[in-house]
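Please keep the viewer open and try each task before you read its solution.

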Amino acid sequence: GVIHGDLNCNNVLFDRGAVSGILDLEEVRAGRPCEDFVRYALTSIAHLPAWAFGRRRRLAAHFARLVAATGFPPGDWRAALDAFVARRRRRLLRGGCLSPVAHVKFVWCAVSTRRLAACIPKEETE
């Protein structure tokens with residue numbers, strides 16, 4: 001499928017609770033559609049302040065409903081989560097110096113990813 005590539009809370013416009021527009025189409029490319037959903041969920045969680053821990057749990061519950069509603073295979077969701085964290089890690093380490101603030105943000109990203117991964121149903125074995 002075709003994905004946005006940089007879908008985050010800053011690139012989606014809402015009007016009365018409905019999506020009214022999507023900005024920044026520079027990174028549109030072929031990929032798994034659930035990659036955009038994962039990126040949006042994780043960047044939304046990352047924008048919450050540390051004191052909003054309860055909201056993070058609510059977001060994980062919303063993510064579980066999103067996974068169920070889209071119908072994408074659980075393996076695709078897990079692969080998209082792993083790819084997001086790997087890209088974030090590479091980007092942080094590329095600079096050569098990991099600041100304490102960047103490290104804390106990455107840890108929050110990893111914790112959020114584990115929480116979201118727990119919301120993905122197990123694949124059924126045939």
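**Exercise 1.** Does Arg29 count as buried, partly exposed or exposed?

*Solution.* A word on the source comes before the steps. This is a predicted model, in which local features need pLDDT of at least 70 and side-chain atom pairs count only at pLDDT 80 or more, while totals for chains, interfaces and linings use all residues. Residues are numbered from 1 along each chain as its sequence is written, and side-chain values use heavy atoms, with hydrogens and water left out.

Step 1: recall the classes. Buried means under 20% relative accessible area, exposed means over 50%, and partly exposed lies in between (1.4 Å probe, protein chains only).
Step 2: apply them. Arg29 has 35% relative accessibility, so this residue counts as partly exposed.
Step 3: look at the whole chain. Of its 126 residues, 33% count as buried.

**Exercise 2.** In what order do the elements of the chain run from the N terminus on?

*Solution.* Helices (H or I, at least four residues) and strands (E, at least two) are DSSP runs, numbered from the N terminus.
Step 1: count the elements. There are four helices and four strands.
Step 2: read off the order, which is β-β-β-β-α-α-α-α.

**Exercise 3.** How many salt bridges are there, and which residue pairs with Arg39?

*Solution.* Step 1: recall the idea. Side chains of opposite charge can pair when their charged atoms come close.
Step 1: set the rule. A salt bridge is a side-chain nitrogen of Lys or Arg within 4 Å of a carboxyl oxygen of Asp or Glu. The count comes to three.
Step 2: take Arg39. Its partner is Asp6, with the closest N and O atoms 2.7 Å apart. This pair links distant parts of the chain: Arg39 lies in helix H1 (residues 33–46) and Asp6 in the loop between strand E1 (2–3) and E2, 33 residues apart. Arg39 is buried at 14% relative accessibility, and Asp6 is buried at 12%.
Step 3: return to Arg29. Its side chain meets that of Glu35 in a salt bridge (3.6 Å, N to O). Glu35 is buried, with 16% relative accessibility.

**Exercise 4.** What span should helix H3 have, and why does the distance between its end C-alpha atoms agree?

*Solution.* Step 1: the expected span of a helix is 1.5 Å times one less than its number of residues.
Step 1: H3 (residues 74–94) has 21 residues, so it should span 30 Å; the end C-alpha atoms are 30 Å apart, which agrees.
Step 2: find the buried residues of H3. They are Pro74, Trp77, Ala80, Leu81, Phe84, Val85 and Arg88.

**Exercise 5.** In which sense do strands E2 and E3 pair?

*Solution.* Step 1: two strands pair if DSSP finds at least two bridges between them.
Step 1: E2 (residues 12–15) and E3 pair in the antiparallel sense over four bridges.
Step 2: check the partners. Val12 has Ile22 of E3 as its bridge partner, and Leu13 stands opposite Gly21 in E3.
Step 3: inspect the hairpin. Two residues lie between the strands, and Arg16 takes a positive phi near 55 degrees.
Step 4: pick out Val19. This residue sits in strand E3 (residues 18–22) and is exposed, with a relative accessible area of 52%.

**Exercise 6.** By what distance are the C-alpha atoms of Trp108 and Leu42 separated?

*Solution.* Step 1: locate Trp108 in helix H4 (residues 100–119). At 27% relative accessibility, Trp108 is partly exposed.
Step 1: take the C-alpha atoms of Trp108 and Leu42. They are separated by 9.7 Å, while the two residues are 66 residues apart along the chain.
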